Amino acid sequence: SGVFAGPVRIVAADSVTLAENTVIAGTLEYNAPQEAFIPASAEVKGGTHYIGSASFLPTPEEARAFAIAGFGVYFIVRIVAGMLVAGLIAGLFPRLTRTLVRETLTTPLRHTLLLFIIGFSALVGIPILLLILLISVVGIGIGFLQGTFYVAGALLAYVSTAIVLGALIGRTLRKRTQVSWPDAVMGVLALYLIGLVPGIGFLVTFVLLSVTFGALL
């Protein structure tokens, strides 16, 4: 805003706006993520030169593109890693896989509800117990050890949930009773897609995870 006798150079992290009746006798050179707003009453006698965004700042379009690309890469890497782990577990530990499928898919509803209660109690109760242990000096070591086992168990339960879901898909679509690594891979993809459903995706995933965690316990 105001009257400038010579050229004006601006480096802005956000946006540039010229006030009404601003007069620049020289050129206006500015570096910003987006083009400046120059009202009709403002006068730039030397012309306007828009350099573009600063080298350390992406434009809004670039930031959106980076965010979409980053999310896509993260999603793909996460799915591929989950598929590899689920396929390895299903292929290397067939007995464990068969036991999980039998405990979760071929038992009465009462037994499934019992597994859910056990898994839900463990998923919610163990973190509370960890907080209680970490408060006391004596329980810090036990708390960290228990926390390590809890995280490992939760990750194994998540992968196992994908395997069980893949077995369910295989039984429904292919009428297969045996669980193979392709079923486990398909289960990982299905579990990720369920988790993406707004609102109920997290709830359904948590219920399935609780049942499988209860079966593992």
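**Helices and a sheet**

Mentor: Start with the helices: α1 passes α5 in a right-handed crossing, where right-handed means the near helix is turned clockwise from the far one by less than a right angle. Bear in mind this is a predicted model, where local features need pLDDT of at least 70, side-chain atom pairs count only at pLDDT 80 or more, and totals for chains, interfaces and linings use all residues. Residues are numbered from 1 along each chain as its sequence is written, and side-chain values use heavy atoms, with hydrogens and water left out.

Trainee: OK, at what angle do α1 and α5 pack?
Mentor: About 145°, with the axes 8 Å apart; α1 is residues 60-92 and α5 is residues 181-195. The axes are lines fitted to C-alpha atoms over the stretch in contact, and angles run from 0 to 180 degrees between N-to-C directions. Helices here are DSSP runs of H or I with at least four residues, strands are E runs of at least two, and both are numbered from the N terminus.

Trainee: Which residues of α1 and α5 make the contact?
Mentor: From α1, R78, I79, G82, M83, A86, G87 and A90; from α5, W181, A184, V185, V188, L189 and Y192. Contact means heavy atoms within 4.5 Å. Those residues divide into 10 nonpolar, two polar and one charged, with Gly counted as polar.

Trainee: Switching to the sheet, what's the strand order?
Mentor: β2-β4-β6, an open sheet of three strands with parallel pairing. Strands pair if DSSP finds at least two bridges between them. Here, four bridges join β2 (residues 8-11) to β4 (residues 28-31), and four join β4 to β6 (residues 48-52).

Trainee: Which residue of β4 stands opposite V8?
Mentor: L28. On the other pairing, E29 has H49 of β6 as its bridge partner.

Trainee: Now α6: what does its buried side pack against?
Mentor: The buried residues of α6 pack against α2 (94-105), α3 (109-135), α4 (140-173) and α5. Buried means under 20% relative accessible area, using a 1.4 Å probe and protein chains only. Among the buried ones are G201, L209 and F213.

Trainee: And T205, is that buried or exposed?
Mentor: T205 is buried, with a relative accessible area of 12%. T205 sits in α6 and touches Y158, L191, I194 and G195, leaving out residues up to four places away in sequence.

Key. Buried means under 20% relative accessible area, exposed over 50%, partly exposed in between (1.4 Å probe, protein chains only).
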